[in-house]
Amino acid sequence: MSPARRYHVPNRLRAMLFDGGGKQVNEALADAEARLSTLAEACDTTVRNLIVEIEAAFGPASRGRERSSPRDLYDLVARIIDSSISQTSPGLFEICTTFCDLLDSCQEQNRWDWPAVDVHIAALRLLSADASLPATARLRIVSGLAQLRRRRAEAGG
Amino acid sequence: MTPRPKMLPSTKVNLEKLDVMLVDDNSQGLDILAQVVSGFGVRSIVRCASGDEARTQLLKGAYDLVLTDAQMPGLDGYELASWLRHSGPDQNRFVPVLLITAHTRHSDVARARDCGANYLIAKPVTPKTVLERIYWVAREDRIFVESDSYAGPDRRFRREGPPPGMAGRRSGDLSVAVGHAETPNLSQDQIDSLMKPTKVSI
C-alpha cells in the first residue's frame, strides 16, 4: 500500500466567483427563483402523475404488485422528490423521504411490508388531493409516518 | 482555522464565466438545475443525461463545476466523481463536484463519503441551497488527499462546523466559536477521585 499524498489544488471556482463582477447574492437568488417558478406547473403535474402511477402499480387494488421489486417503487417515489420544487402540497416531500427509507429497508431485506407501503400511498394521495387539508392535519400524518419509521428501525426493520 | 466569510445578501458573486456541467437522467431534474444556475448568471451549461455521457464530455473540455445526480442507471454520480478523482483528465481532476440526491440509500452512505465529491446536496433543489454550496466550495481550502482507497478533498473537516449561516444537522457538528466555559474547572481532588479505584460488589 502506498502512502497517502496530501496537496493543495488550484481553486478555479474561487478565482472566477469573486472577481468583482456579477450579481449580488439576493439578486442571483431572486433570478433563480423566478426561472424556477416557470417549471412549477410542470413539476406539479409530474408529481400528480407519479402518485397516480404509484397507486395503479403498487396500491392495494393493483394486481401482481408483490412480483415487483421495492426498488421499482423506490425509483418512482424518489422522482416525486426530484420534482417537488413548489410547496403546493406541504408534507409531501417529508412523506416521500420516510417512504424511501421504508422501501430501502424492504429492498435490503428482500421483503415487502405491505401495510406500511399502503399507509404511505394513502398519505401521498391524501396530501396531494386535498389542498384544503389544514397544516395541523398534515403535520399529524407526517409525524405518524416518522413514528412508524422509528418503530420499524427499533424492531430491526 | 479562521471561519469562512458568511454569504450575505449583498455579497457579489460572478458565475458568468463558469463552465458548468449538469448531469441527471431525469430531464425535468436537468431543467430544474439549468434554471437555477442560469438564474445565478451562468452562461455556459453542458447538460448530460447520463454519467457515461458526462464522462465523455469531461474528457473533451475543462469545467469549473459539476452538479450531478447521485442515482442514475449505468455510471452513477458516485462512480462519476470517483472516476474523475482517480483517473479523470488533468483539466478536470480537481473540479468541484456537488452530488445531488433525492434520498441516500443505506448502502450508498459509504459510497457518498468515499467517492471524492465536495458536497452532497439533498433534493428538492432550492436556489439558496445550491448557491450556498457553490459559495462554500469556492471559499474552502481543503487539502486534496490521494491514496489507494480514496482521492478527493480531505473529508476530515468537521471541526470547522457547518458552512457559515447554517445551523448544522449532525450531532457531531462543532461550533466555530469556542466560547467561554460554562462550568468551573474540576479541582485536583475531583480529578483524582475520577481515577481512584472503587470497590464494586457483584
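**Figure 1. Element order in chain B.** From the N terminus on, the elements of chain B follow the order β-β-α-β-α-β-α-β-α-β-α-β-β-α. The model shown here and in the other views is predicted. Chain B holds six helices and eight strands. Of its 202 residues, 36% are buried. Among the contacts in chain B with a separation of 6 or more, 61% are between residues 24 or more positions apart.

**Figure 2. The five-stranded sheet of chain B.** The sheet is open, its strands are ordered 3-2-4-5-6, and the pairing is parallel. Strand 3 (44-48) and strand 6 (119-122) of chain B are the edge strands; each has a single partner strand, so one side of each lacks a neighbour in the sheet. On average, neighbouring strands of this sheet are turned by 20° against each other, direction ignored. Helix 1 (residues 27-40) of chain B packs on the sheet, where it touches strand 2, strand 3 and strand 4 of chain B. The direction of helix 1 makes about 170° with that of strand 3 of chain B.

**Figure 3. Pairing of strand 2 with strand 4 in chain B.** Strand 2 (residues 19-23) and strand 4 (residues 65-69) of chain B run parallel and are joined by four bridges. B:Val20 has B:Leu65 in strand 4 of chain B as its bridge partner.

Figure 4. Across the two chains, strand 1 of chain A pairs with strand 7 (residues 144-146) of chain B in the antiparallel sense over three bridges. Here A:Arg5 stands opposite B:Glu146 in strand 7 of chain B. Within chain B, strand 7 and strand 8 run antiparallel and are joined by three bridges. In this pair B:Val145 is opposite B:Gly152 in strand 8 of chain B.

**Figure 5. The side of chain A that touches chain B.** In total, 47 residues of chain A are in contact with 47 residues of chain B. On the side of chain A, at least two residues each come from strand 1 (5-7), helix 1 (12-17), strand 2 (23-24), helix 2 (25-37), helix 3 (40-58), helix 4 (70-83) and helix 5 (92-109). The most is given by helix 2 of chain A, with ten residues. Sorted by class, this side of chain A has 21 nonpolar, 13 polar and 13 charged residues.

**Figure 6. Helix 2 of chain A against helix 5 of chain B.** Helix 2 of chain A packs with helix 5 (residues 127-139) of chain B at an angle of about 135°, and their axes are 9 Å apart. The two helices, helix 2 of chain A and helix 5 of chain B, are therefore oblique to each other. Their crossing is right-handed. Helix 2 of chain A contributes A:Val25, A:Ala28, A:Leu29, A:Ala32, A:Glu33 and A:Leu36 to the contact, and helix 5 of chain B contributes B:Pro127, B:Lys128 and B:Leu131. By class, this contact has seven nonpolar, no polar and two charged residues.

**Figure 7. Surroundings of A:Ala32.** A:Ala32 lies in helix 2 of chain A. A:Ala32 counts as buried because it has 23 C-beta neighbours inside 10 Å, the cut-off being 20 or more. Not counting residues up to four places away in sequence, A:Ala32 touches B:Gln35, B:Val36, B:Gly39, B:Phe40 and B:Pro127.

**Figure 8. Helix 5 against helix 6 in chain A.** Helix 5 and helix 6 (residues 114-129) of chain A pack at an angle of about 165°, with their axes 10 Å apart. Helix 5 of chain A is therefore roughly antiparallel to helix 6 of chain A. The crossing of these two helices is left-handed. From helix 5 of chain A, the contact takes in A:Leu92, A:Ile95, A:Phe99 and A:Leu102. From helix 6 of chain A come A:Ala116, A:His120, A:Ala123, A:Leu124, A:Leu127 and A:Ser128.

Note on methods: Residues numbered from 1 in each chain as written. Chains lettered and ligands numbered in written order. Predicted model: local features only at pLDDT ≥ 70, side-chain atom pairs only at ≥ 80, totals over all residues. Contact = placed C-beta atoms within 7 Å. Nonpolar A, V, L, I, M, F, W, Y, C, P; charged D, E, K, R; others polar. Pairing = 2+ DSSP bridges. Axes fitted to C-alpha atoms, helices over the stretch in contact; angles between N-to-C directions. Parallel < 35°, antiparallel > 145°, perpendicular 65-115°, else oblique. Left-handed = near helix turned anticlockwise from the far one by under 90°. Buried ≥ 20, exposed ≤ 12 C-beta atoms within 10 Å, placed from the backbone.
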